[in-house]
Amino acid sequence: MDRLPHTGVSPATSPSDLSPSRAPLTTVAVVGLGTMGTGIAETLARAGREVIGIDIDERACRRAVTALEAATARAVHRERITERERAGILGRFRVATDLRAAAGAELVIEVVPEDYDTKHEVFAGLDAVVRPSAILATGTNALSVTRLAAESAHPERVLGLHFFNPAPAMRLVEIVSSVLTAPGAVEAVTALARDLGKEPVALGDRPGFVADGLLFGYLNQAAAMYEAKYAAREDIDAAMRLGCGLPMGPLALLDLIGIDTARTVLEAMYAASGDRLHAPAPVLGQLAEAGLTGRKAGRGFYTYQAPGSGTAVPDAASAEVRHATDGARPVRAVGVAGSGTMAAGIAEVFARAGLEVVLAGRTPEKAEAAKARVAKSLARSVSKGRMTERAREEALGRVGTADSLDAFAAVDLAVEAVAEDLVVKQELFRALDKVCKPGAVLATTTSSLPVIACARATSRPQDVVGLHFFNPAPAMKLVEVVHTVLTADEVRATGHAVCAAVGKHPVDCGDRAGFIVNALLFPYLNNAVKMVQEHYATPDDIDAAMKLGGGYPMGPFELLDVVGLDVSLAIERVLHREFREPGLAPAPLLEHLVAAGCLGRKTGRGFREYAKA
């Protein structure tokens, strides 16, 4: 939207009625009828509000009307509203190309592009038009609400009202106060948000607020990871979807948001924080300057059928993800070293796929206990109708047990799944080196330790690869195939081939701390802890923001308590030690909780308290 004209008419100068007892907001103007503004207008009209949509571009006004007509027609077709209700919604929405149309509004929501001068001019125009009692809300997620308020005629009525796209579907609304905002304005807008069926979260003014403040740092690191050619774009996106249950991968999400928009948000975050992790990755600037801003341009990290299309099409970079399996060594028998949950899960995965498995524990009892876990898991699959009793018996029959690695003498693939302790793993690899036949592939399931350190414990580092399964291994589709600088091409190919053979989705990456998933996930979790540490938001508000605003299956504090705060701290220390970024230093609050023995669900207390089992 271009800059809006405004009149020189001054409003009445009576005091603003921003008391908590003010009447509900019934008439709302939305300034800026792009995708977000149109979605907000639809949400308000559906909830019975009189809505004035304002945009200087007549085409944008027509598109907004057409979009509302189409959305309500779909709702009628799906029997979510009646024709009479549709007529009411359409009748409550009118459009205009002049700010004077907002004169009678009790609330004005500005959703023009993320440019301070444009927003300031809109607010100046509104000051000259609306009543002093009207509330002015900015939809910014990057610019200073405080600055906009301070430069307005009535700063006490200015706040941030950040909806998420698509506004009719997304439940989160961030309500942002400056130090100048009157409590009555916040209460009125909070009541409106609840009446719209939204979940309001009250916050102070800082770039990105909660959801975008956490989200954009993660997106930026994903862009930097791709720019460094550490992993293919499809692998980065698949890793985060399959490994974390996210609705979209980070690079696809950047294309949806708009690369230019992301860059603007990150610039604002970096200006406020000085954290280099918020400094926009150079690739974002390069793409934005080239006009490759994502879906809206038809090309960003991916190429799309047409501008505005969500359908990606093959392009020159698509070949990067076709992992070569040529020359892969045959794998018919697998040895799994370990007796814990992960070892049992990996053994089950291979046995289900028809491979012979030897499960080796430190004692016969530990090995049998691990096999019992496999049997229990297979029995659950039968009870849920996911496999037959005969298939269960056959799979379990393919799992043998041993209390010595000598049983691995004939295996084609040996998988280490013991404690996340480098000394322990190196000792095990020395033993595997002596026992396993020439040509056998040796794999570690480490999630944070260097694969090369395990490889160098053997006389055949070229045969060592990382196969990072995710827990629970039978259910999680993702495996990170991690190659070192010494891993042979055919061993890397074997890792991909065996993953595909057992029904997993392999992603390819090099041997550096965190690989793909943990390198992107744990800085995000650490930043969430810093928000609580700084008293910016509560764990409950942050969890709600990420689930409702980002579509995350779990909030960061729910996830930290499940993973274990000690495990999380260890991974964050590894990342900080390897990359030496100050922003990756573990949050002191996390260190304090671990020192106090508050490790999450397993101890009954972490960021929350849990009932004892």
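**Helix packing and local backbone features**

Helix H19 (residues 539–550) and H20 pack at an angle of about 105°, with their axes 7 Å apart. The model is a predicted one, in which local features need pLDDT of at least 70 and side-chain atom pairs count only at pLDDT 80 or more, while totals for chains, interfaces and linings use all residues. Residues are numbered from 1 along each chain as its sequence is written, and side-chain values use heavy atoms, with hydrogens and water left out. Helices (H or I, at least four residues) and strands (E, at least two) are DSSP runs numbered from the N terminus. Axes are lines fitted to C-alpha atoms, for helices over the stretch in contact, and angles run from 0 to 180 degrees between N-to-C directions.

H19 and H20 are therefore roughly perpendicular to each other (under 35 degrees counts as roughly parallel, over 145 as roughly antiparallel, 65 to 115 as roughly perpendicular and the rest as oblique). On the H19 side, Pro539, Ile542, Asp543, Met546 and Lys547 meet Pro556, Phe557 and Glu558 of H20, contact meaning heavy atoms within 4.5 Å. The residues of this contact comprise five nonpolar, no polar and three charged. Here Ala, Val, Leu, Ile, Met, Phe, Trp, Tyr, Cys and Pro count as nonpolar, Asp, Glu, Lys and Arg as charged, and the others, Gly among them, as polar.

Helix H21 (residues 565–579) has 15 residues, which at 1.5 Å a residue should span 21 Å, and its end C-alpha atoms are 21 Å apart, in agreement; the expected span is 1.5 Å times one less than the number of residues. Leu565, Ser568, Leu569, Ile571, Glu572, Val574 and Leu575 of H21 are buried (under 20% relative accessible area, with exposed over 50% and partly exposed in between; 1.4 Å probe, protein chains only). These buried residues pack against helix H18 (517–533), helix H20 (556–563) and helix H22 (588–595).

The angle between H21 and H22 is about 135°, and their axes are 9 Å apart; the two helices are therefore oblique to each other. In their contact, Leu565, Asp566, Leu569, Glu572 and Arg573 of H21 meet Leu590, Glu591, Leu593 and Val594 of H22. By class, this contact has five nonpolar, no polar and four charged residues.

In helix H18, Asn518 is buried, with a relative accessible area of 7%. Not counting residues up to four places away in sequence, Asn518 touches Ser447, His468, Pro523, Ile571 and Leu575. Ile571 and Leu575 are among the buried residues of H21.

His535, in the loop between H18 and H19, has a phi of about 60° and is exposed, with a relative accessible area of 72%. Arg580, in the loop between H21 and H22, has a phi near 60° and is exposed, with a relative accessible area of 64%.

The peptide bond from Asn165 to Pro166 is cis, with omega near 0°, and Pro166 is in the loop between E6 and E7. The bond from Asn471 to Pro472 is cis, with omega near 0°; Pro472 is in the loop between strand E16 (464–469) and strand E17 (478–483).
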